[in-house]
Amino acid sequence: MKIPMLDLTEQYLTIKDEVLSKLDEVMSSSQFILGNHVKQVEDDIAEMSKTSHGIGVGNGSDAIHIALQAAGVGEGDEVITTSFTFFATAGSIMRANGTPVFVDIDPVTYNIDPSKIEAAITEKTKAIIPVHLYGQMADMDPIMEIAKKHNLHVIEDAAQAIGSTYKGKQVGEMSSAATYSFFPTKNLGAYGDGGMIVSNEDELAEQARVIRVHGSKPKYHHHVLGYNSRLDELQAAVLSVKLPHLSTWSENRRKHAMYYTEKLEGVVGDSVITPIEVEGNYHVFHQYTLRVDNRDELQAFLKEQGIATMIYYPIPLHLQPVFKDLGYKEGDLPETEKAAAQALSLPMFPELKQEQQDYVIEKIVEFYS
Ligand SMILES: *Cc1c(COP(=O)(O)O)cnc(C)c1O
């Protein structure tokens, strides 16, 4: 049996006719830039996020960059975040002329450890970016409390967590802004790049809207340095077809996650630690990530059996060569470094079949027995 990490084609086949007719609608109308589909999907995703604004941008990385700039983060400002994330989180801080300050993770959720944030705050700190890794929101209550106390912006990197909730609160509802990615493999993936900022702050949203069109307002008048980073109309049309399915797809991911956990938990002793959904959280399982002994050997073994797995992320950001001037060294963030050595993500997508899961489970058990 061959089992991929995810299968986008299978999902496409279930919505193909609707997608093609929407794309035809866009091309027939010749409204290619910031048309009705972008407006509609901005409104729909803002509503889902319980925010008053949605700003469609070119990709999830630009969403972080633009949200930071719109919040007033710039030269010399420090932004506290996690090192156990995709490059773009810190890359976007640097592109906004800020300096990333990395804080260690909570070993259970892999998200930023709120109890370690205050020690990292300095006079220069301007914002905190919690990353909702693998589809589970970070512990927002203490993060928001610290932010209020020190007058900091909180920008949620929700690239992996669209549709997740925390104590009944949506992504974007509590913070200055949240950012989504519609990279094709994300839970709500376009057929190309795309991203969005959602926010309840009128001024931040207005700034973001101006920044995505070259900082132009009114037209041909430029008071701020902007970029060309808009959500593409064709991608917005694709998203408008997919969005109504998102909650069902999330539910399916959760079912698959529970099935993996039920079958793997305890079966191989302490060698395999299954992911935990913290009480009060609705985890959307962008990834189903185990913490395992002999990770690289297990991955090689599963590959031989036709099972794809991925390591998110093998090298934490504080040890990336491009960030060496920030002055971090091995040992600075022990929980992050440990997770980077042990994390292994299994095949996960809404259309995953039980017999595929059974095969993955059987081979993992075989490896440890
Ligand atoms: C995917 C991702 C991004 C970047 O999104 P793009 O749309 O690929 O630019 C940022 N942060 C995290 C945590 C991601 O997973």
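In this predicted model, strand 10 and strand 12 (residues 288-292) run antiparallel and are joined by 2 bridges. Within this pairing, Val272 stands opposite Val292 in strand 12. The two strands belong to an open sheet of 3 strands, whose order is 10-12-13 and whose pairing is antiparallel. Strand 10 (272-273) and strand 13 (343-346) stand at the edges with a single partner strand each, so one side of each has no neighbour in the sheet. As a reminder for readers new to sheets, strands pair through backbone hydrogen bonds, in either a parallel or an antiparallel sense.

Strand 6 (residues 165-166) is linked to strand 11 over 2 bridges, in the antiparallel sense. If this pairing is traced residue by residue, Thr165 is found to have Tyr282, in strand 11, as its bridge partner.

The domain assignment of the protein chain gives domain 1 (8-103 + 110-244) and domain 2 (245-368). To their contact, domain 1 brings 40 residues and domain 2 brings 35 residues. Between the C-alpha centres of the two domains the distance is 24 Å. How much area is buried between domain 1 and domain 2? The value is about 3,300 Å², and carbon and sulfur atoms give 59% of it. On the domain 1 side, the residues that lose the most area to domain 2 are Tyr134, Gln136 and Asn187, which together make up 22% of what that side buries.

The two domains also meet in the description of the largest pocket, since its lining draws at least three residues from each of domain 1 and domain 2. This pocket holds about 490 Å³ of space. Its lining consists of 26 residues, and those nearest the centre are Phe183, Thr185, Lys186, His286 and Tyr313. Helix 3 gives the most, with 3 residues.

Methods. Residues are numbered from 1 along each chain as its sequence is written. This is a predicted model: local features need pLDDT of at least 70, side-chain atom pairs count only at pLDDT 80 or more; totals for chains, interfaces and linings use all residues. Side-chain values use heavy atoms; hydrogens and water are left out. On a 1 Å grid over the protein atoms alone, a cavity is a set of points where a 1.4 Å probe fits but cannot get out, and a pocket is an open set with protein on both sides within 12 Å along at least five of seven lines; lining residues have an atom within 4 Å of a point. Grid points are joined across faces, edges and corners, and a volume is the space filled by probe spheres set on the points. Helices (H or I, at least four residues) and strands (E, at least two) are DSSP runs, numbered from the N terminus. Domain bounds come from an automatic or database domain assignment. Two strands pair if DSSP finds at least two bridges between them. Contact means heavy atoms within 4.5 Å. Buried area is the accessible area (1.4 Å probe) that two parts lose on being put together, summed over both.
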